[in-house]
Amino acid sequence: MGIFAKRTKCKTRRRLRDVDQVQKDLTNARHLELYKETKAVEDLPGLGRHYCVECAKWFDMESTLVKHTKGKPHRRRLKELKEGPYTHKEADAAVGLWTDNGRPRNTTTEIDMM
């Protein structure tokens with residue numbers, strides 16, 4: 001099927017935090033606090049007061065944040081977070097580097113002679 005909205009996902013200007021980073025933000029408040037300290041408050045929309053943790057986005061007003069939480073992109077992000085980040089084992093399997101310890105196949109072939 002392909003990647004949904006591939007052109008917009010590849011742009012670095014609107015780059016969002018990855019799923020594993022957001023997972024750490026949700027589990028560890030200190031991790032989120034360290035990320036927020038890297039941003040200058042004056043440069044953020046709404047002076048950094050309205051932040052969606054799941055989507056890693058800042059908003060101008062509280063009403064915009066509430067509207068965002070009811071929207072489809074926010075629900076998609078919640079679904080991604082529910083699935084969890086990929087592990088190294090899953091990444092290796094996607095590339096083809098896995099160990100198949102299933103049923104052994106019969107490697108010998110018997111030829112009937114008539």
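The side chains of Arg-17 and Asp-25 are joined by a polar contact of 3.1 Å in this predicted model. Arg-17 is located in the loop that lies between helix 1 (6-10) and helix 2 (19-27). With a relative accessible area of 11%, Arg-17 falls under the 20% cut-off and therefore counts as buried. When neighbours within four places in sequence are left aside, the contacts of Arg-17 are Val-22, Asp-25, His-31, Tyr-35, Tyr-51, Ala-56 and Arg-77.

Ala-56, one of the residues in contact with Arg-17, also touches Leu-16 and Tyr-51, not counting residues up to four places away in sequence. Ala-56 and Tyr-51 belong to the largest nonpolar core, which consists of seven residues in all. In soluble globular proteins, nonpolar side chains tend to be buried together.

Helix 2 and helix 3 (residues 29-37) have axes that come within 5 Å and cross at roughly 115°. On the helix 2 side, the contact is made by Gln-21, Lys-24, Asp-25 and Thr-27; on the helix 3 side, Ala-29, His-31 and Leu-32 take part. By class, two of the residues in this contact are nonpolar, three are polar and two are charged. Asp-25 and His-31, both part of the contact between the helices, are also among the residues in contact with Arg-17.

Confidence in the chain averages a pLDDT of 82, and 75% of the residues score at least 70. The lowest confidence is found in helix 1, with a mean of 63, and the highest in helix 4 (residues 62-69), at 94.

Key
Residues are numbered from 1 along each chain as its sequence is written. This is a predicted model: local features need pLDDT of at least 70, side-chain atom pairs count only at pLDDT 80 or more; totals for chains, interfaces and linings use all residues. Side-chain values use heavy atoms; hydrogens and water are left out. Helices (H or I, at least four residues) and strands (E, at least two) are DSSP runs, numbered from the N terminus. Buried means under 20% relative accessible area, exposed over 50%, partly exposed in between (1.4 Å probe, protein chains only). A polar contact is a pair of N or O atoms within 3.5 Å; within protein, one must be able to donate a hydrogen and the other to accept it, and residues adjacent in sequence count only if both atoms are side-chain atoms. Contact means heavy atoms within 4.5 Å. A nonpolar core is a set of buried Ala, Val, Leu, Ile, Met, Phe, Trp, Tyr and Cys residues joined through side-chain atoms within 4.5 Å. pLDDT is the predictor's confidence in each residue, from 0 to 100. Axes are lines fitted to C-alpha atoms, for helices over the stretch in contact, and angles run from 0 to 180 degrees between N-to-C directions. Ala, Val, Leu, Ile, Met, Phe, Trp, Tyr, Cys and Pro count as nonpolar, Asp, Glu, Lys and Arg as charged, and the others, Gly among them, as polar.
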